[in-house]
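Dear colleague,

Please find below the structure that I am handing over to you. My findings follow directly after it.

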Amino acid sequence: MDNVEIKVVNNIKSLEEFLKRIDTFFPIALSSKVNLKQYAEKAIEKGINFYAVVDNQIIGVCMGYANDYKEYTAYISTLAVIPEYRNMNVGKKLIDMFKE
């Protein structure tokens, strides 16, 4: 899928709205584990986060942390792509950007 743009997430409100949109896509809803607003705030403040965007619509997100400066490890806490765009390498593009 060539028209996917990968963008840095820097807006808490848009991240929270997307998290609400994808909340039930997980086997256990994110909202049953965390407060989505607080999760978005923490991710923006301390994490590395990217959106996948098509036609100005957010279709996926990759959120994670790379703050282990001793071992130089990072981890992805959330990776989600809306169903209509799955199996189109959107998740791979998000992970590739996170790894850079």
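How many bridges join S2 to S3, and do the strands run parallel or antiparallel? Seven bridges join S2 to S3, and the two strands run antiparallel.

This is a predicted model, in which local features need pLDDT of at least 70 and side-chain atom pairs count only at pLDDT 80 or more, while totals for chains, interfaces and linings use all residues. Residues are numbered from 1 along each chain as its sequence is written, and side-chain values use heavy atoms, with hydrogens and water left out.

Helices (H or I, at least four residues) and strands (E, at least two) are DSSP runs, numbered from the N terminus. Two strands pair if DSSP finds at least two bridges between them.

Strands. S2 and S3 form a hairpin with two residues between them, where Asp55 in the turn has a positive phi of about 50°. Six of the seven residues of S2 are buried (buried is under 20% relative accessible area, exposed over 50%, partly exposed in between; 1.4 Å probe, protein chains only).

Helix H1. In H1 (residues 12-22), the buried residues are Leu15, Glu16, Phe18, Leu19 and Ile22. They fall within an arc of 165° seen down the helix axis, so they line one face of H1 (the arc is that of the directions from the helix axis to the C-beta atoms). Lys13 and Lys20 are exposed on the face turned away from that buried side.

Core. The largest nonpolar core has 29 residues, and those with the most contacts inside it are Leu15, Leu19, Ile59, Val61 and Val90. Such a core is a set of buried Ala, Val, Leu, Ile, Met, Phe, Trp, Tyr and Cys residues joined through side-chain atoms within 4.5 Å. S3 gives the largest share of this core, six residues. Leu19 touches Leu30, Leu36, Tyr39, Ala40 and Met63, leaving aside residues up to four places away in sequence (contact means heavy atoms within 4.5 Å).

Loop between S4 and H3. Asn87 lies in this loop and has a positive phi of about 65° although it is not a glycine. Asn89 is also found there, with a positive phi near 70°.
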